[in-house]
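Hi,

Here's the structure I said I'd pass on.

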Amino acid sequence: LPKNLDHTLDTYNFQKKIKIAVLASVIIYFLFFSIITVMRHSSFNSTAFDLAIFDQTTWGYSNGEILLNTVRGINLLGDHMHPILFLIAPLYKVFPMPETLLVLQSIALALGALPIFWIARKRINTTGAAMIAVSYLLYPSLQYINMFDFHPEAFAIPLLLFAIYFVEERKYAAAAAMLILTGLSKEHFPLAMASLG
């Protein structure tokens, strides 16, 4: 083999291993935090009643009841707006338990590492991009969000990251879809979305 082709093959193989390592990190994060949060909830260590609010609300949405949440005694559409729960409701119909919310939150937060990796890889080398993506997964604030029961606004983190990635790739329809989903997470996020514009 010509020398430069051999070097190219080595570089390709190394970059492929780095990509696999990033994907493995995402899977490990997802599995670890899914197990930890489910075990924590199962051992009666959920820290706030937010999980109960969103569990009952999502269960109600999945069964056609959107009027009242008895945990707070109010209609959640009249409190904070979390329309993204309507999108989760069909899955909740199949798996109607709070653990479903905890696992969904873990996978959503884990997937945020992918657009970070893709964006960074365009600007720096693959190894550096992988380190940034793994740093995201190791970030204590992200892990705290994951551990503090369930909150629909956690979905905004990966959705905004995917939106930024799609803007970078000039895939504006996909970016708009991610921004719409971000806006459905909570009423505060349109302000963050405006800054992206």
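Ser106 comes out as buried, because its relative accessibility is 0% (buried means under 20% relative accessible area, exposed over 50%, partly exposed in between, with a 1.4 Å probe and protein chains only). Bear in mind that this is a predicted model, where local features need pLDDT of at least 70, side-chain atom pairs count only at pLDDT 80 or more, and totals for chains, interfaces and linings use all residues. Residues are numbered from 1 along each chain as its sequence is written, and side-chain values use heavy atoms, with hydrogens and water left out.

Ser106 sits in helix α4 (helices are DSSP runs of H or I, at least four residues, numbered from the N terminus). Leaving out residues up to four places away in sequence, Ser106 touches Tyr29, Phe30, Phe33, Ser34, Thr37 and Asn146 (contact means heavy atoms within 4.5 Å). With Asn146 there is also a side-chain polar contact of 3.1 Å (a pair of N or O atoms within 3.5 Å; within protein, one must be able to donate a hydrogen and the other to accept it, and residues adjacent in sequence count only if both atoms are side-chain atoms).

Now the largest nonpolar core: 26 residues, with Ile88, Leu101, Phe150 and Phe155 making the most contacts inside it (a core is a set of buried Ala, Val, Leu, Ile, Met, Phe, Trp, Tyr and Cys residues joined through side-chain atoms within 4.5 Å). Helix α8 gives the largest share of this core, six residues. A separate core has 20 residues, including Ile18 and Leu142.

Cheers

Key. Helix = DSSP H or I, 4+ residues; strand = E, 2+ residues; numbered from the N terminus.
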